Amino acid sequence: MKIIMLGAPGAGKGTQAKQIAGKYRIPHISTGDIFRANIKEGTELGAKAKTYMDQGLLVPDELTVALVTDRIVKDDCKDGFVLDGFPRTIAQAETLDRALADMGQKMDYAIDVDVPDENIINRMGGRRACLNCGATYHIVNVPTKQEGICDACGSPVVLRDDDKPETVKKRLSVYHEQTQPLIDYYKEQGILKTVDGTLPMEDVFAGIVRILGD
Ligand code: AMP
């Protein structure tokens, strides 16, 4: 099962993607996580990506596309995968489709986690992320057990630079300009499914399972 998660930044697509990966036993491939891991490791890719991420801009395709096209040919992707944060532009979607076509494959589902902008702005201010292991929380909806400390690894959790209010506004406008057109792109392919991302997380996931099957 090959799945793309669509949705604005902060719509909760990462949380849903992780649950999908767990239930259907397929790899979760997040370009944002790959960039953040590179930033943490101090790689050249990380340094380049960070300059764009901190401004709320998309990382250029030449630094992004190969990360995914090289990843989906790996052995653990043969039964499928869930893409989270990729594609983010029509050009990326077309490259992905071509890479899959070369393998005689195609995407099965594009799931749009739909959340209005007002909700996104409120949510992102409360988001906290562990810079060590990447786990994400929300001060109200998904709090850490101990305030400010990651449940998974015990490191401090922080408001990511790219979740700060000005950057969030920029990321939303980039989303509307560059990523939202993918909704029509996948609608035309007949694989678009929409879930209401304003519902509690468990209900969003239940809706996704109804689409993907048990
Ligand atoms: P995310 O964690 O998916 O919200 O990604 C965080 C940031 O990483 C984005 O705001 C972009 O700057 C960058 N990024 C992640 N995925 C992509 C992509 N597919 N294309 C371009 N930039 C990306």
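**Exercise 1.** Which side chain meets Lys-23 in a salt bridge?

*Solution.* Start with the ground rules. This is a predicted model, where local features need pLDDT of at least 70, side-chain atom pairs count only at pLDDT 80 or more, and totals for chains, interfaces and linings use all residues. Residues are numbered from 1 along each chain as its sequence is written, and side-chain values use heavy atoms, without hydrogens and water.

Step 1. Apply the criterion: a side-chain nitrogen of Lys or Arg within 4 Å of a carboxyl oxygen of Asp or Glu. Asp-214 is the partner of Lys-23, at 3.0 Å, N to O.

Step 2. Asp-214 lies in the segment after α9 (201-212), Lys-23 in helix α1, 191 residues apart. Helices here are DSSP runs (H or I, at least four residues), and strands are E runs of at least two, numbered from the N terminus.

Step 3. Check accessibility. Buried means under 20% relative accessible area, exposed over 50%, partly exposed in between (1.4 Å probe, protein chains only). Asp-214 is exposed at 84%. Lys-23 is partly exposed at 36%.

**Exercise 2.** Which residues does Gln-16 contact beyond its neighbours within four places in sequence?

*Solution.* Step 1. Locate Gln-16 in helix α1 (residues 13-24). Gln-16 has 2% relative accessibility, so it counts as buried.

Step 1. Apply the contact cut-off, heavy atoms within 4.5 Å. The list is Met-5, Met-201, Val-204, Phe-205 and Ile-208.
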